[in-house]
Amino acid sequence: MQTPAQNPLWKTYLLFLAPMVLSNFLQSMSGTVNSIYIGQMLGTQALAAVSGMFPIIFFFIALVIGLGAGAGVLIGQAWGARESHMVKAIAGATLLLGVLIGLVAAVFGSVFARQALQGLGTPADVLDDAVSYARVMMWTLPFVLVYVLFTQLLRGVSDTLSPMLALLLSTVVGLALTPAFIRGWFGLPQLGIQSAAFAGLAGTLAAMAWLAWSLIRKGHPLAPDREFFASLRLDGAILGKVLRIGLPTGVQMIVLSLSELVILTLVNQHGSQATAAYGAVTQIVNYVQFPALSIAITASILGAQAIGAGRLERMGPILRTGLWINVCLTGGLIVLGYLLSHWLLGLFLTEDSTRAMAEHLLHIMLWSLLIFGFQAIIGGIMRASGTVLVPVAIAIICVVGVQLPAAYWLDGQFGLQGVWMAFPVAYLGMLVLQTLYYKLVWQHQKIERLV
């Protein structure tokens, strides 16, 4: 594989980023099409029941994303220094911890699903369906979390193509099986609202099996071979470094997910129609937000590889290139979102009043995802060197101290639309503070390898 120094920086960025953005597109498309299936084939109430699970699932995935971020930085530095044995050791320790997290999430999540959804204020008319869906999703989590974590580790060695191809297989299998389970085609059982969960599990298992076969066949540095399985142990020294970087990132993701739970609770107070609108808006936002996060991840991995290779002079150009790509890619998606919002929301909202509500809410906050991307990229560059505490603290302060109070106050002043007004306020605060810390502190620190 080529290192960042062997290609022009913009080309390295795009080669790394393109499969990741396509992966995010496939992931978002899978969720969207499943929502269309549920909304069109089972109704708006079923969509509202499924929408209530988004923040809960994200809560558990957030911790694994944090672990992957920490391990990805360490793997990137080890890969930049051409230390393949250390790459396997970091990956093995991190994956085993991810398995344990998935098992704990499955047990506690399924047992307390009803209490959690009731605590969120899930409308009574969709509570039973929401609980039924939630329990199935919780038991699929160990497989989903391991799959998500492993694809993050692959990116640490600049492999974004294998995760994309695996996700393509997962998406095809899942989207083929969801309507088949809803209608009971080909002799399959009719699973109702649980159809998307079971179809998603089948797709994940198929993707994991293909990924293992493909990596072994290619002799990939992270292929699940004998040496890789031997590295599956809870190495305290490695996990200490992974957690030092990843735990603050995981805490940040969890705080973001908790804030989404609070936002959903506010939304649920406006009824199941508002909950369905929330689910629809979330689907559109994902198409813009995930690519912005992909640019930040790319900046972090390329920065870590540059540090591992001793090429510190490339850190500034990596940041600037990421910011410009955010303008072009995220900005372009935002423009498309505004132009096509009425048609896109109509794909999975059949009631005109609900679609009109969702479109108005989307228009309020969609533009601010460009700001979100800027601050995420600046934070990603700092994370490449292991600097995470202050950037994470900035994000948490802006969510807890700015967004949530603003959402409550604006909800009281303007109703449902006020909840969405709080997002741009928080993102602008993040950008200002991250930029100040980067300019005034981080640029003046000494950067060293962590592994």
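Contact here means heavy atoms within 4.5 Å. With that in hand, let's work through some exercises on this predicted model.

**Exercise 1. Describe how domain 1 and domain 2 meet.**

Solution. Start with the bounds: domain 1 covers 9–234, and domain 2 covers 248–444. Next, locate the two parts relative to each other; their C-alpha centres are 21 Å apart. Now count the residues that touch: 50 from domain 1 are in contact with 52 from domain 2. Finally, turn to area. The size of an interface is often given as the accessible area lost when the parts come together. For domain 1 and domain 2, about 4,200 Å² is buried between them, with 72% of it on carbon and sulfur atoms.

**Exercise 2. Work out whether H11 is parallel or antiparallel to H12.**

Solution. Take the geometry to begin with: the axes of H11 and helix H12 (residues 315–346) come within 10 Å and cross at roughly 170 degrees. Angles over 145 degrees count as roughly antiparallel, and H11 and H12 are therefore roughly antiparallel to each other. To finish, sort the residues by class: the contact of H11 with H12 has 20 nonpolar and four polar residues, and no charged ones.

**Exercise 3. Now classify the packing of H11 against H14, and say which residues meet.**

Solution. Helix H14 spans residues 369–383, and its axis lies 7 Å from that of H11, at an angle of about 25 degrees. Because angles under 35 degrees count as roughly parallel, H11 is roughly parallel to H14. The crossing of this pair, H11 and H14, is right-handed. On the H11 side, the residues that meet H14 include Val288, Ala292, Ile295 and Ala299. Their partners in H14 include Phe372, Ala376, Ile377 and Arg383. By class, the contact of H11 with H14 has twelve nonpolar, four polar and one charged residues.

Methods:
Residues numbered from 1 in each chain as written. Predicted model: local features only at pLDDT ≥ 70, side-chain atom pairs only at ≥ 80, totals over all residues. Heavy atoms only, no water. Domains from an automatic or database assignment. Buried area = accessible area lost by both parts, 1.4 Å probe. Axes fitted to C-alpha atoms, helices over the stretch in contact; angles between N-to-C directions. Helix = DSSP H or I, 4+ residues; strand = E, 2+ residues; numbered from the N terminus. Parallel < 35°, antiparallel > 145°, perpendicular 65-115°, else oblique. Left-handed = near helix turned anticlockwise from the far one by under 90°. Nonpolar A, V, L, I, M, F, W, Y, C, P; charged D, E, K, R; others polar.
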